[in-house]
Amino acid sequence: MKPLKIRARELDDKDELARFRQSFHFPHTEVDQCVYLTGNSLGLQPKRAAEILNEELEDWARYGVEGHFHARRPWVSYHENLIATAAEIVGAKPIEVVHMNSLTTDIHLLMVSFYRPTVERYKIICEAKAFPSDQYALDSQILFHGFDPETALIELSPRPGEHNLREEDIEAAIEEHGDELALVFFGGVNYYTGQVFDMERITRAGHRAGATVGFDLAHAAGNIPMHLHDWQVDFATWCTYKYLNSGPGSVGGIFVHEKHAEQYDLPRFAGWWGSDKESRFKMNRVFKPLPGAEGWQLSNAPVFSMAPHLASLEIFAEAGMDRLRQKSLDLSDFAREVIEAAAASQGVDVEIITPTDPKRRGCQLSLVVHGRGREVFDYLQSHGAYTDWREPNVIRIAPVPLYNSFEDVYLFGELLGQALKPQA
Ligand SMILES: *Cc1c(COP(=O)(O)O)cnc(C)c1O
């Protein structure tokens, strides 16, 4: 077998997506090379983001309020610029997707419509160790409806000694709580372990039980290919600043299945941007929801957060999710090899808790260095490798196919080897 360094170079030479690396800004670090492996936490800035943002600022300066209609991308319909590519990324029809607010807000707004507990049917099933914001949202929604999270929220944990949930256990739990189940709400990808859930299978099981099914796609959107429409998912939401590279706190995305597009009797918290476009500026007293996801919008489009997203989506459209996925799998396979080599070279045990099966993982690998995780993380951080630390003991890395190279992964392995050296 050739040395890893040579293999990294050969893989980079063959990589038809390699040129996209030039489209992003990499952070400046004090060491020679920045190895950025935290695109799962905050994606890098597309160089074109500043250009598009600046065009909006220019149009604001030039037109003032008239920019709503006369800007080169009129603000009144700005959100429409994002729909086509975003819909492709999550496997949706255009009518099923819109961008608005931010992720946690969107979870709440969608639960208003899709978590409708009754005395008989009030439970929610989710993964244990969901992201804290999701846990707070679920708890507070349950309380808001007058139920008790202790009994209403079923959090599924992996079996003892295992790190990942088994799909058959999720299915069994859904069946077990069937008659009492109002909602199944899962991450598409667990933020801690990087496990990809079988969204199609979970959706089918949820529907069989008579529940609605929704997903938080914070770690899935732009990471793994999805087919939300075909899978019959009721609703989903995601942030755009992780794999989708749209900048800190940028606008959220939502999906509402076409089957609910004209279900106007669904309760919803309404705002003028969700109301009929023709009569919107007539300032009518009557809310007339738009069909599809647009009908869940509240406010006019946050143009300055959508502009960077537009820049990023242009790149996704060019690269294509299928090619990105293939490179992502190759990158993470290579990362696994590099990590194992680094651990072996130091005689240290590094456990990778992310599933090995390609169907059950995306870009991310979660590493556990027993007893020394924090120290290893600090070493990496101070030597130019951006990884992140998640309590209690995980180092997450995410080589992303848009801008990471195989060389990045190789360099990470070198640094990891140094970090794992037994302390004198
Ligand atoms: C990143 C992330 C969030 C963050 O929510 P915001 O409302 O965007 O601050 C929430 N949930 C999950 C699963 C996440 O990964």
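Just after helix α11, G320 takes a positive phi of about 80 degrees. Helices here are DSSP runs of H or I with at least four residues, strands are runs of E with at least two, and both are numbered from the N terminus. Helix α11 is mostly covered, with 13 of its 17 residues buried. Buried means under 20% relative accessible area, exposed means over 50%, and partly exposed lies in between, with a 1.4 Å probe and protein chains only.

This is a predicted model, in which local features need pLDDT of at least 70 and side-chain atom pairs count only at pLDDT 80 or more, while totals for chains, interfaces and linings use all residues. Residues are numbered from 1 along each chain as its sequence is written, and side-chain values use heavy atoms, with hydrogens and water left out.

The chain as a whole has 14 helices and 15 strands. For 424 residues, a compact globule would have a radius of gyration near 22 Å, and the chain agrees with its 22 Å. That radius is taken over C-alpha atoms, and the globule rule is 2.2 Å times the number of residues to the power 0.38. Along the principal axes, the C-alpha atoms fill a box of roughly 75 × 60 × 35 Å. Of the 424 residues, 56% count as buried. Among contacts with a separation of 6 or more, 72% come from residues 24 or more positions apart, a contact being heavy atoms within 4.5 Å.

Seven strands form an open sheet of mixed pairing, in the order β4-β10-β9-β8-β7-β5-β6. Two strands pair if DSSP finds at least two bridges between them. At the edges stand β4 (97-100) and β6 (153-156); each has a single partner strand, so one side of each is left without a neighbour in the sheet. Neighbouring strands of this sheet are turned by 20 degrees against each other on average, direction ignored. Within the sheet, β8 (residues 212-216) and β9 (residues 235-239) run parallel and are joined by three bridges; G214 has F235 of β9 as its bridge partner. Helix α5 (residues 103-114) packs on the sheet and touches β4, β5, β7, β8, β9 and β10. The direction of α5 makes about 170 degrees with that of β9. Axes are lines fitted to C-alpha atoms, for helices over the stretch in contact, and angles run from 0 to 180 degrees between N-to-C directions.

Another strand, β12 (residues 365-369), has five of its five residues buried, so it is largely enclosed by the rest of the structure. L365, L367 and V369 point one way from β12, and S366 and V368 point the other way. Three bridges join β12 to β11 (residues 350-352), running antiparallel, with I352 partnered by L367. Three bridges also join β12 to β15 (residues 394-397), again antiparallel, and here S366 is partnered by R396.

A search of the whole structure finds zero disulfides, a disulfide being a pair of cysteine sulfur atoms within 2.5 Å. For C126, the nearest cysteine sulfur is that of C239, 18 Å away. The sulfur of C239 is 14 Å from its closest counterpart, in C363, which is too far for a bond. C126 counts as buried at 1% relative accessibility, and C239 counts as buried at 1%.
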